[in-house]
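Colleague: I would like a close look at one annotated span of this model and at what surrounds it. Please take it slowly and give the cut-offs as you go.

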Amino acid sequence: MMQTEGKTGEKPDLCPGTGGLNFKDRIASSPCVFTIGVAGDSGSGKTTFTQSIRDIFGEDLVTTITLDDYHLYDREERKVRHITPLNPEANRLDQLEHDLVELTEGRTIDKPVYNHANGRFAPPIRFTPGKILILEGLHTFFTPALREHLDFTLFVEPDPEVKIEWKMRRDINNRGYTREQVMAELEPRERDYQRFIAPQQKYADVVVRVRFSKYGRERGIREKIYQVSLSQNRITKSIEDVDLSIDLFSLLSLSDRNFLIEFSHEQRNDERTGELILDGELSTRMVKRLETSIEEQTQVRPISDFHDHDYMTATEVVQLILAWRIIHQRVFLERCLHQDHNK
Ligand SMILES: Nc1ncnc2c1ncn2[C@@H]1O[C@H](COP(=O)(O)OP(=O)(O)O)[C@@H](O)[C@H]1O
Ligand SMILES: O=C(COP(=O)(O)O)[C@H](O)[C@H](O)COP(=O)(O)O
């Protein structure tokens, strides 16, 4: 590793040898494409988290591919074949692997297009990757070749009851399904989820779990207040790297709403994992130092969304921490520096 983390109060030089270029400029001027993979079940919040990453880093840097475009069968054909889209065989993962290699080289591809409005394929479109490329879908890190080309991986896993509520609302409101149609697919989908999708968790750098808030289930749909946890699976990268500075004085004196912050370690197989759990509403002042730290080092303004409210949901804080986590993905800088060096 070319650089050690700064101790408290020191600012780590994330871009050594760049004459003080900030992280965002560094990405923009780099020949490399930084790839982020987001995986999880249908209706689990992949698109929502992906959008938050886009918002934080800016649309000029970030492009997204949804893996639904790589379905092999259209909606009608899946029905006839009794196969769910969660089955890898219902997807063109080999073409995705090929396209991902092209994209990491910065090349333009002809990307297939799946139309959720009618469940059919539209003509392919030309697609050029931004300097940050997000792949989001069911099988994002299903194969070794896909994993090899992803610099950062995130798995989202809401509790089944949260997931059903989200999926039900989205598929009925946006995708033209009836309640009965969504219900009828739940059972075969859950079976294939456990079989094909959930096992990808072990390859994730970070797993985000969502459950109903301990302060009231109804606050989810009404105010987007959930209990959100962030855990890291791989021992090589630690959540403790994240600067989680919280102003305890503000916490005690300014907050008049309920919240929970918990951190625990767990031994899973050979791996020691850390899990941060947040719930309720946290005073924006409490995460001020974290926001400022990100802003200073990246010149991106992740806090702009939160400026006008005094409280942030657990989801918003987790999105902020994830941005920090992504910034710290040294693999990217290491690889870029190495490639720059060899030019
Ligand atoms: N973090 C969240 N907080 C509140 N609602 C969410 C969250 N994530 C997802 N949802 C709800 O669930 C629906 C499905 O989420 P989406 O991001 O489209 O899932 P996916 O891309 O995994 O299929 C969204 O339309 C939204 O209503
Ligand atoms: O399982 C998913 C994944 O999409 P997402 O993760 O966005 O839910 C969708 O059901 C399929 O893409 C088929 O779509 P449809 O059922 O609309 O034909």
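How far apart do the end C-alpha atoms of residues 36–210 lie, and what percentage of the span is helix and what percentage strand?

Modeller: This is a predicted model, in which local features need pLDDT of at least 70 and side-chain atom pairs count only at pLDDT 80 or more, while totals for chains, interfaces and linings use all residues. Residues are numbered from 1 along each chain as its sequence is written, chains are lettered from A and ligands numbered from 1 in the order in which they are written, and side-chain values use heavy atoms, with hydrogens and water left out.

The end C-alpha atoms of residues 36–210 lie 20 Å apart, and the span is 40% helix and 25% strand, where helices (H or I, at least four residues) and strands (E, at least two) are DSSP runs numbered from the N terminus. An unreviewed UniProt entry annotates these residues as "domain: Phosphoribulokinase/uridine kinase"; such positions are given in the numbering used here, with shortened feature names, and annotations may be inferred rather than shown by experiment.

Around ligand 1, the nearby residues (a heavy atom within 4 Å) include Gly43, Lys46, Thr47, Trp166 and Tyr226. Glycine 43 brings a backbone N or O atom to 2.7 Å from a ligand 1 oxygen, and threonine 47 places a side-chain N or O atom 2.4 Å from an oxygen of ligand 1, both being polar contacts (N or O pairs within 3.5 Å; within protein, one must be able to donate a hydrogen and the other to accept it, and residues adjacent in sequence count only if both atoms are side-chain atoms). The side chain of lysine 46 has an N or O atom 2.9 Å from an oxygen of ligand 1, and a polar side-chain atom of lysine 46 also lies 2.8 Å from an oxygen of ligand 2.

Ligand 2 has 15 residues around it, of which Ser42, His71, Tyr114, Tyr177 and Arg189 come nearest. A polar side-chain atom of serine 42 is 2.4 Å from a ligand 2 oxygen, whereas for a side-chain N or O atom of histidine 116 the distance to an oxygen of ligand 2 is 3.0 Å.

Towards the end of the span, aspartate 205 sits in the loop between helix H7 (179–197) and strand S7 (206–212). Aspartate 205 counts as buried because its relative accessibility is 2% (buried is under 20% relative accessible area, exposed over 50%, partly exposed in between, with a 1.4 Å probe and protein chains only). Its side chain reaches the backbone nitrogen of threonine 153 at 2.9 Å.
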